[in-house]
2 protein chains.
Amino acid sequence: MSSRHGRASPLFSPAGTGITLDLDCMDALEVPGRQRLDEALRAMAQLEAGALANLDEKRQVGHYWLRDPDLAPTDTQAESIREAVERCESTARALLRRFQPTAVLHLGIGGSALGPRLLLEALGDTRPDTGVPARSYRVLDNTDPNGFCGHLATVDLERSLVVVVSKSGGTVETRNALLTVRRAFDEAGVAFAARALAVTGDGSELHRLATREGWAAVLPLWDYVGGRTSVTGPVGLLPAALLGISGRELLEGASAMDAATRLPVDDNPAACLAAVWLAAQEDRPRAMVVLPYADRLQSLARYLQQLIMESVGKKRDRAGNVVRHGLTVYGNKGSTDQHAFVQQLRDGPDDFFCTFVQVLCPGAADPVLENGVTAGDALAGFLEGTRQALEQDGKRTLTIAVDRVNPRSLGALIALFERAVGIYAELVNINAYHQPGVEAGKKAAARVLDAQRALVAVLGDVPESADSIADKAGVGDPGLAWRILRRLAACPGRGVRRLAGDEPGEDLFGAG
Amino acid sequence: MSSRHGRASPLFSPAGTGITLDLDCMDALEVPGRQRLDEALRAMAQLEAGALANLDEKRQVGHYWLRDPDLAPTDTQAESIREAVERCESTARALLRRFQPTAVLHLGIGGSALGPRLLLEALGDTRPDTGVPARSYRVLDNTDPNGFCGHLATVDLERSLVVVVSKSGGTVETRNALLTVRRAFDEAGVAFAARALAVTGDGSELHRLATREGWAAVLPLWDYVGGRTSVTGPVGLLPAALLGISGRELLEGASAMDAATRLPVDDNPAACLAAVWLAAQEDRPRAMVVLPYADRLQSLARYLQQLIMESVGKKRDRAGNVVRHGLTVYGNKGSTDQHAFVQQLRDGPDDFFCTFVQVLCPGAADPVLENGVTAGDALAGFLEGTRQALEQDGKRTLTIAVDRVNPRSLGALIALFERAVGIYAELVNINAYHQPGVEAGKKAAARVLDAQRALVAVLGDVPESADSIADKAGVGDPGLAWRILRRLAACPGRGVRRLAGDEPGEDLFGAG
């Protein structure tokens with residue numbers, strides 16, 4: 001299955017994945033050492049067997065079960081997964097037939113958007129006859145009225161489906177998108193519920209709403225699947241089915257990579273990858289630069305940025321010690337970025353390691369253009385040239401070669417990084433499966449909106465200083481009050497008037 | 001013009017820009033010190049007066065002249081700029097009338113793509129009746145056959161314009177895009193030249209081709225304008241005109257910011273910005289995270305990533321000392337990223353400073369959705385909450401508030417960062433205007449393609465090892481030979497056959 005001999009030999013080529021890892025990790029494996037790696041793999045095995053791996057939230061971590069339901073600790077869990085896979089396909093089939101949709105509005109943020117976006121950009125246009133075109137699959141992943149408006153203005157609601165993905169069902173951004181989209185359907189007199197699908201946790205607010213209103217389908221998001229590892233569940237499988245992408249092949253590729261990443265350390269590409277990441281932090285912090293040389297994999301960097309930074313960017317280790325751990329990930333695509341930040345990678349500080357992703361065979365025709373070379377040859381030449389230059393300069397690189405971008409290889413790629421993150425987190429003793437900072441961010445925003453309501457409520461006809469208004473409203477931070485009032489006053493129709501003083505701090509605000 | 005008093009007062013609010021900088025830089029200014037900042041501003045004044053600021057390439061640096069042609073050292077330069085502004089508008093008007101295009105294929109990479117993309121994403125759909133819709137303005141910024149194919153398959157060539165942007169006219173990626181697009185026009189029997197526009201340097205290969213074939217227009221890209229600072233020239237103004245965006249207002253905004261960033265240090269927002277960037281590197285390297293809370297400004301982070309990293313990511317300072325300087329930039333948009341890497345910003349290491357960009361007034365309707373708040377209020381709440389949390393945690397932030405996203409404020413934003421980069425580069429004594437690593441990358445890729453041609457030329461019917469083939473072909477690196485042959489063999493129709501040995505290193509390759 002894998003081999004590490006021969007000068008030019010690839011180290012790992014797991015069967016059934018279509019992926020080859022050119023990853024020289026013999027030295028890196030010594031950084032954590034075989035024993036800690038063995039322990040990490042044992043911990044991963046326990047996690048797969050249903051241990052409460054996310055201790056803070058007392059949750060199991062079951063994304064590996066999604067592609068191998070037999071692994072799930074209980075028959076009920078296994079059956080629920082199998083049934084969901086079926087229902088993603090049958091629901092999509094029925095809705096594609098019934099509405100012949102020309103667009104899908106996908107409402108979700110974070111893990112509820114990044115996986116679907118990765119699938120649609122990588123594979124959305126490979127089977128255009130069997131699903132909605134990728135370009136018409138719109139992801140509304142924010143609470144920006146401009147974003148909402150831009151999408152709503154350019155789709156035919158009558159022939160649009162709406163997919164709403166939220167685990168808790170209470171995510172503010174997704175909730176606002178839902179309220180906005182729904183209002184547009186109502187105003188256009190187009191029936192919403194028949195075109196709406198929810199992917200959400202059992203008993204969530206969204207679950208109750210969708211059930212009550214009789215939406216076209218409600219698909220499960222289980223407690224044991226985190227957002228950033230949810231793409232091989234209904235979060236990814238439903239969009240895949242709507243786009244004509246084979247979810248089964250995605251699952252097969254992920255399952256094949258899962259098998260390869262359960263092997264002993266020396267044969268395990270994910271263990272080696274995790275060791276390489278750790279070794280890259282040994283003498284100084286190094287960011288992971290992700291450079292797929294392929295337009296279709298452009299959002300891979302952003303997908304991995306979330307998967308890795310949200311998993312390992314943590315204040316405390318599992319023992320409660322303050323460690324302030326992080327592993328910065330950024331990137332976009334080659335060769336495009338060679339005309340941008342790659343200048344710094346080549347000539348600047350040794351503060352990164354580069355993960356090249358090469359697609360060996362383009363999906364499109366790649367005719368000879370000039371001098372015997374094709375566009376794809378040039379792309380490969382740029383990758384190889386950059387890789388050589390970085391290595392000659394003593395910088396670290398690794399290359400993942402993908403035979404072709406298809407559901408199988410993409411599933412395998414996703415599973416590889418999921419497992420590598422899990423192992424890496426074991427090595428640095430961090431809970432990779434919670435996100436306390438994200439939760440805190442939601443609460444902080446809610447407090448700001450409380451302050452806004454309080455300020456607006458006490459606003460009078462006679463303009464006053466922000467200090468005075470903050471005081472009346474019981475808002476402790478006058479700077480915040482000033483910023484909130486300044487923003488509202490900048491927009492007509494928000495009921496706030498600003499009289500500028502000689503100095504900005506002397507502005508007066510009133511109702512009007 | 002600017003003020004720094006009052007607790008909640010914004011520091012800078014340059015007239016005519018629609019931008020307010022909340023940038024507490026009093027301490028940061030002490031890091032380089034007033035004297036070095038004064039010197040940097042004097043150097044910027046000399047640069048604007050026509051000094052050979054890019055010494056390595058013996059070039060003037062004249063992007064500031066683009067919005068104030070009177071500043072250009074010679075009347076010829078000034079006249080050429082004025083004429084180009086006119087011609088961008090008149091050419092676009094004529095072509096929009098003649099072809100009523102439903103799509104534009106924009107061929108360019110690096111600075112020839114990022115500025116246009118920023119404009120089209122930020123402003124492309126604000127005046128839909130007067131130009132091509134943003135969604136139909138396609139940027140082909142790579143040499144990936146999949147990317148080419150995806151765009152070509154979804155536009156009507158008869159009603160498409162083609163904009164080709166390349167300063168040297170020889171950029172491989174853009175050249176390949178041109179050959180591919182042209183071939184598609186030829187195969188469809190649609191006249192290419194009448195629909196084609198070039199933006200390129202005088203006398204370049206592209207210039208000669210376009211002139212010879214009588215393209216619809218050839219617009220100038222002057223020697224004294226670098227790619228990453230070209231957006232206020234025809235590189236940005238032509239796309240703007242095709243999209244119905246006012247180039248004049250873009251220039252006015254940039255010019256207003258230029259005026260504000262020529263002021264003495266204490267009144268100069270760009271000097272303060274540069275000082276803040278430098279101060280952030282004082283005790284450890286810190287990356288610049290760019291977080292616009294606005295869907296339309298999503299590509300700002302990538303634009304700034306190129307502008308900054310390509311400018312200051314350098315091996316040597318201007319005295320020739322090896323300094324390995326860099327300033328890493330990454331980001332995407334809020335609140336979206338709060339469900340991704342912001343987890344690490346909040347809880348992880350203090351290795352970044354966050355540049356928030358807030359849009360005070362959304363361009364779209366922003367009705368109250370629930371509990372008295374709008375989608376835009378929620379967006380503002382997320383920004384404020386995250387900003388507070390980062391600051392409470394001792395992390396560095398600065399906020400740029402934009403009244404509205406319009407050509408004026410976008411031009412001002414671009415000019416602000418252009419000037420800040422110039423000043424920063426002066427402070428660290430780096431030539432911000434060349435990109436030796438990018439040039440080296442092009443040459444390295446060319447050598448790889450030479451190797452490919454040599455290998456394919458000696459390939460025989462009897463399969464041989466990569467070593468042996470490399471030897472015959474005079475390719476010194478057998479690992480490279482193996483990787484090239486492996487890739488070609490993975491694609492049907494490339495004339496290379498691979499017989500796998502027991503070990504990957506023992507593969508044999510032959511013609512077939």
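At what angle do helix α3 (residues 75-99) and helix α8 (residues 234-243) of chain B pack?

The model is predicted, with local features needing pLDDT of at least 70 and side-chain atom pairs pLDDT 80 or more, while totals for chains, interfaces and linings use all residues. Residues are numbered from 1 along each chain as its sequence is written.

The two helices (DSSP runs of H or I, at least four residues, numbered from the N terminus) pack at about 30°, with their axes 8 Å apart. Axes are lines fitted to C-alpha atoms over the stretch in contact, and angles run from 0 to 180 degrees between N-to-C directions. α3(B) and α8(B) are therefore roughly parallel (under 35 degrees).

Contact (heavy atoms within 4.5 Å) involves Ala84(B), Cys88(B) and Leu96(B), among others, from α3(B), and residues including Leu237(B) and Ala241(B) from α8(B).

## Helices α16 and α17

Let's turn to another pair. Helix α16 (residues 466-473) and helix α17 (residues 478-490) of chain B pack at about 105°, their axes 8 Å apart. This makes α16(B) and α17(B) roughly perpendicular (65 to 115 degrees).

On the α16(B) side are Ala466(B), Asp467(B), Ile469(B) and Ala470(B); they meet Pro478(B), Ala481(B), Trp482(B) and Leu485(B) of α17(B).

## Helix α14

After α14(B) comes Asn429(B), with a positive phi near 60°.

Technical notes. Chains lettered and ligands numbered in written order. Heavy atoms only, no water. Parallel < 35°, antiparallel > 145°, perpendicular 65-115°, else oblique.
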